[in-house]
Amino acid sequence: QLNGASTNRLSEEIQTTDADEAFIQELEQEHSSPILHDEPDDDLNECKEDTAEAEIDGDDYFFPSPDELERARPPEVGMVFATLEDAHRFVNIYGQITGFVVIKGKNYKHRKITLTCNRSRKTKESETRQRKRKRNCIERTGCRMHVTVKLVEGGRWEVMAVQNEHNHPLLSSPPLIRFFLSHKYMSEEERNVSKILQECRVKPSKIMEIFTTLRGTSKNTPVRKMAANNLEQSDWLMKTGNTDIESTLEHVRRFQKEQPGFYYALKTDGNNTIKSIFWTDARARLDYALYGDFVSFDVSCSTIEYNMLLALLIGMNGSGKATVFGWALLEDEKAETFSWLSRTFLDVMDGKEPSTILTHQDSAIAKSIAEVFPTVFHRFDMWHVMRKATDELGDIMAHRPGMQAELTCLVTNSLVSEEFENGWQAMLEKYDAASNACLDLLYQTRLMWAPVYFKHVFCPFTWSAGCSKSKNLIFKEHVMQNDSIETFMSQYDTFQKESVSTEDGGRFESTPKRPMYSTRHPIERHAAEIYTTGMFLRFQKELLDASAFNAFEKEKDAVYTVKKALDYEEAEFLRDSFSVEVDLKTSTFNCICSKFERDGILCCHVLRLFTQFSINEIPERYIKPRWTKNFREQESQKYCSETMGSDVWQSQLRYAVIMNRMAKGCATVSRDPQRSKIFLEEQERIVRKLIERE
């Protein structure tokens, strides 16, 4: 009835009170996609301030259909749902109508899930009682509302326990239902426009901005963000993807024709079905030649129909940003498949091996790495190991308050192996967990994942949770968690073009921009001269953090202790004292945290001693070339001269170098329309002249 009604009748404004509008805004902020976000753990919050509240993507809104609203009722014991998503959605809809938000709580081995009110547990004040600005901050009241669902025979989920009572006011509103129903209306033309924008991977929030601009004001926008997101989910998940293999081959063949240096490899069966595919391009190959000393192997997304895995071979460019060396769609998670990918990658990269490989904790991946890269230093990603352990130990942690926080602090703050091992044994005794098999396996394999055992190995910025998040976000802007093969291929092209234009945070080194200084220390000016913008910002933070420490002489001109004088935000280590060994004759500073060996820049503890000894420039030995402004251009030219043997490879490298320089020039001239016009005219003139010469 809504879709068939006239625009005039449905565009009438619904009168809502201020309270109604406030509740609607709260729902828009709090109702995220129902299965994506888990409840943050309070114990972990004590250890890591930056995870105090679970971040919610403002575009992942949850929108029930009119039929679902009519069928909504309180959950009851004995209800059975086909999937966990169906159970979660049912409780979510009931929560919307009643006036509360549902989140995932306890998780026991993915077989028993508790859905709770988002105001469960109690808010804990910091010791300093200082309030920090937080997005989507929720006042917790220790609400006991919960619904427990359990995986039963047949793969269905049954409601085992229900507590529907809350200890806080429920913000229900009669006009809310009318708001949902009326604003869900979209004209046929608007639906078509929305579909086109979604095919171009425009976010729902951006689509709403476009509709708002066209209508003049947000009040006249007939489609809410939730409706646009609902359309996106239903349309894309119902598409029949991955059925036209020729379409995929057309994509890679077109890329190979248009981009010198584009390479792809396929594994197919007798029916011409793609089993696995790997691809890369000239720019990625050049990036690997320059920054391929460290590689992180990540499996994040999968396709809809064939359930193929999207694998990314990720590195760190000169600005400290994640960059992709190679992409792959894999048929399964077997060791043979990962070995095929590793060999293909090694072959296309001219046999150059990385120094360090970081992967998920997986026996099949470990086996393939040992087979193809036997001499490469391989370790597991700490954050992936910790996430797996949290899932396995969920029930144990629930009955031992404080254990999860202590485990996380032990892993992230131990700076010597003895400290880690003694702390581990003390933790087991304190929480009576010495007989736990999962914890025992973690300890037995500690050399493979605990960072204290490889703190002297170059693994840039992998200790921070932010690095893990940035890797997960690499492809999120372009594809959904489950998408078609064709979409992965087509959106790869979009991603690569955007990565060129946004290198170094969108500011190229050739762009004249005066750095913003945070201190009056001469060493900050020196850092601005040598480092890329991204690395300068990292160094600047370390220099600022150095002012929070005092230095004490333990052994004259040999050993110093740096002690924290005050707390500061986003501290890398939650400890107060650090030991630094010093040799002033050779300008050598060895901090116990080993940040320079691990990340390639000096730590705030050493920088504090630089102030103590009036060192105003970064010593040459502590300048890692890959982080400097001139490294990329100099090494690109050097690499080209060293690979003169292959005309094809030379063409590919020249393509990558020209693309890099052209991108920088475009970033400079595009700010002015007249200069842009001249630039394009000159570029066309040069191309015509070269063609005439031929």
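Let's start with D350, which is exposed because its relative accessible area is 58%; exposed means over 50%, buried under 20% and partly exposed in between, using a 1.4 Å probe and protein chains only. This is a predicted model, where local features need pLDDT of at least 70 and side-chain atom pairs count only at pLDDT 80 or more, while totals for chains, interfaces and linings use all residues. Residues are numbered from 1 along each chain as its sequence is written, and side-chain values use heavy atoms, with hydrogens and water left out.

**The whole chain**

- The protein chain has 28 helices and 17 strands. Both kinds are DSSP runs numbered from the N terminus: helices are H or I with at least four residues, strands are E with at least two.
- Of its 694 residues, 49% count as buried.
- Take the contacts in the chain with a separation of 6 or more: 64% of them come from residues 24 or more positions apart. A contact here means heavy atoms within 4.5 Å.

**Two loop residues with positive phi**

- Back to D350: it lies in the loop between α12 and β11. Its phi is near 60 degrees, a positive value in a residue other than glycine.
- F461 isn't a glycine either, yet it has a positive phi of about 60 degrees. You'll find F461 in the loop between α19 (446-449) and α20 (465-472).
- Is F461 buried or exposed? F461 counts as buried, at 6% relative accessibility.

- Strands of a sheet pair through backbone hydrogen bonds, either parallel or antiparallel. For two strands to pair here, DSSP must find at least two bridges between them.
- β1 and β5 (residues 157-163) run antiparallel and are joined by 2 bridges. F81 stands opposite W157 in β5.

- Strand β11 (residues 356-359) is covered on both faces. T356 and L358 on one side, and I357 and T359 on the other, are all buried.
- β11 pairs with β12 (residues 377-380) in the parallel sense, over 4 bridges. L358 has R379 as its bridge partner in β12.

**Helices side by side**

- Two packed helices are described by the angle between their axes and the distance between the axes. The axes are lines fitted to C-alpha atoms, for helices over the stretch in contact, and angles run from 0 to 180 degrees between N-to-C directions.
- The axes of α16 (residues 403-413) and α17 (residues 417-430) come within 10 Å and cross at roughly 175 degrees. That makes α16 roughly antiparallel to α17. For the labels, under 35 degrees is roughly parallel, over 145 roughly antiparallel, 65 to 115 roughly perpendicular and the rest oblique.
- Residues making this contact include M403, L407 and L410 of α16 and F420, W424 and M427 of α17. By class, the contact has 7 nonpolar, 2 polar and 3 charged residues. Ala, Val, Leu, Ile, Met, Phe, Trp, Tyr, Cys and Pro are nonpolar, Asp, Glu, Lys and Arg are charged, and the others, Gly among them, are polar.
- α17 also meets α18 (residues 437-444), where the axes come within 12 Å and cross at roughly 175 degrees. α17 and α18 are therefore roughly antiparallel to each other. E421, W424, Q425 and L428 of α17 touch L439, L442 and Y443 of α18.

**Two buried residues**

- S339 is found in helix α12 (residues 335-348) and counts as buried, at 2% relative accessibility. Leaving aside neighbours within four places in sequence, S339 is in contact with S368, E371 and V372.
- L602 is found in the loop between α24 (595-599) and α25 (604-612), and counts as buried at 2% relative accessibility.
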